[in-house]
Amino acid sequence: MNPVAIEVRHVSKRFGRRPAVEDLSFSVPAGAVCGLLGHNGAGKSTVIGMILGQVWPDAGEVRVQGWEVTRHRARALARVGALFETPAFYEELSARRNLEIFSSYTAPVSRAEIANALQRVGLNGNERAPVRTFSHGMRMRLALAQALLPGPEILILDEPGEGLDPEGMYELRQMIRQLHRDLRLTILFSSHRLNEVEELCTHLVVLRQGRKVFDGPWDRLQSASNLVRLEAEPFAEAVAALAREGLIRHSGRDPEGGWVIPAPGVETDTLARRLVESGYRLREIHRPRASLESLYLSLMQRPTPPVTEAASTTDRV
Ligand SMILES: Nc1ncnc2c1ncn2[C@@H]1O[C@H](COP(=O)(O)OP(=O)(O)OP(=O)(O)O)[C@@H](O)[C@H]1O
């Protein structure tokens, strides 16, 4: 198995004059569960479309299992299962019959493999019922069974939790965990649900307006972030004073309160001393063990980094 399952290199895509993805680079190591996170319209589906060879990049290249997708699509995607757009099923036919028809169009598989895929997604017992009787969650599971038919090493899911109720979401998370554990699949999925990503992912790629603001192992997001929580009064004047002295790079407020990103080498005690010496009322200053939510919000509120080689490393976070 290639140690790098998916590699996206300097990829850009425009629709008309509008950039959807700009100079994006990241890689997904084999065996990772990677979350592709971003707001609505951030470019997640465009990226997934490019990985699956359904959207062609204007610049850059995408490799899957080492094969460049636009030139060697069949080889690149031979061991990839995907849930991209909600598949249409034959409503009057059973789950099993739907999978038989699907596999006859794509790559024929045995009845035992179909039964196995249905069992993996917990649809055994329902395999004879017509699909029209299925709930949204059951349809999603059938779509997942369809994605498993080629015996994939890589599973790519575009917003798989969309439209599911909390119970369906929980089942989906369990299933993704189980597939990763039992079949040792590399999984890439897009989402804008932070809790889903936080629970499942070993790796993370965060997009904002088509540009990457972070990629890497999830725990590196914690350590790479030097976000400092600050409550000082008046906040706007206090952070402006720190910025004038070159002690902080960025600042903002999110639902948890105020935050600053200190300049390199500046510790919290320096910030605290300067604020007190300047007469600001310091209520709180500390480096939190941040939740994904607060890290994500601070990533989203910072100015977009310039697209340079340096900006594509996690050091900028
Ligand atoms: N086929 C298309 N034609 C024109 N514009 C498109 C097309 N596909 C995507 N876009 C635009 O590209 C940008 C990125 O869209 P994309 O669907 O990749 O984002 P997303 O992060 O998946 O969003 P969402 O979470 O809402 O699905 C958006 O501005 C969108 O309007």
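pLDDT is the predictor's confidence in each residue, from 0 to 100. This is a predicted model, in which local features need pLDDT of at least 70 and side-chain atom pairs count only at pLDDT 80 or more, while totals for chains, interfaces and linings use all residues. Residues are numbered from 1 along each chain as its sequence is written.

**View 1. Confidence along the protein chain.** Helices (H or I, at least four residues) and strands (E, at least two) are DSSP runs, numbered from the N terminus. Helix 8 (residues 218–224) has the lowest confidence in the protein chain, with a mean of 65, and strand 4 (residues 59–64) has the highest, at 97. Residues 304–317 have a pLDDT below 50, and beyond near neighbours in sequence this stretch has 23 contacts in the model; two residues are in contact if their C-beta atoms, placed from the backbone, lie within 7 Å. Where pLDDT is low, the predicted coordinates should not be read in detail. The mean over the protein chain is 87, and 90% of its residues reach 70 or more. For the complex, the predictor gives an ipTM of 0.96 and a pTM of 0.77.

**View 2. The shell around the ligand.** Residues surrounding the ligand include Phe15, Arg18, Asn40, Lys44, Ser45, Thr46 and His192; each is near the ligand in the sense that its C-beta atom, placed from the backbone, lies within 6 Å of it. Strand 2 (18–29) and helix 1 (44–51) are the elements that give two or more residues to this shell. Helix 1 contributes the largest share, three residues. By class, the shell has three nonpolar, seven polar and two charged residues (Ala, Val, Leu, Ile, Met, Phe, Trp, Tyr, Cys and Pro count as nonpolar, Asp, Glu, Lys and Arg as charged, and the others, Gly among them, as polar).

**View 3. Helix 3 against helix 5.** Helix 3 (residues 95–105) meets helix 5 (residues 136–148) through Ala95, Asn98, Leu99 and Phe102 on helix 3 and Leu142, Ala145 and Gln146 on helix 5. The residues of this contact divide into five nonpolar, two polar and no charged.

**View 4. Ala263 in its loop.** Ala263 lies in the loop between strand 13 (257–262) and helix 10 (268–277). Ala263 counts as partly exposed because it has 17 C-beta neighbours inside 10 Å (20 or more other C-beta atoms within 10 Å make a residue buried, 12 or fewer exposed, and numbers in between partly exposed, with C-beta atoms placed from the backbone). Leaving aside neighbours within four places in sequence, Ala263 is in contact with Gly246, Leu247, Ile248 and Arg249.

Conventions:
Axes fitted to C-alpha atoms, helices over the stretch in contact; angles between N-to-C directions.
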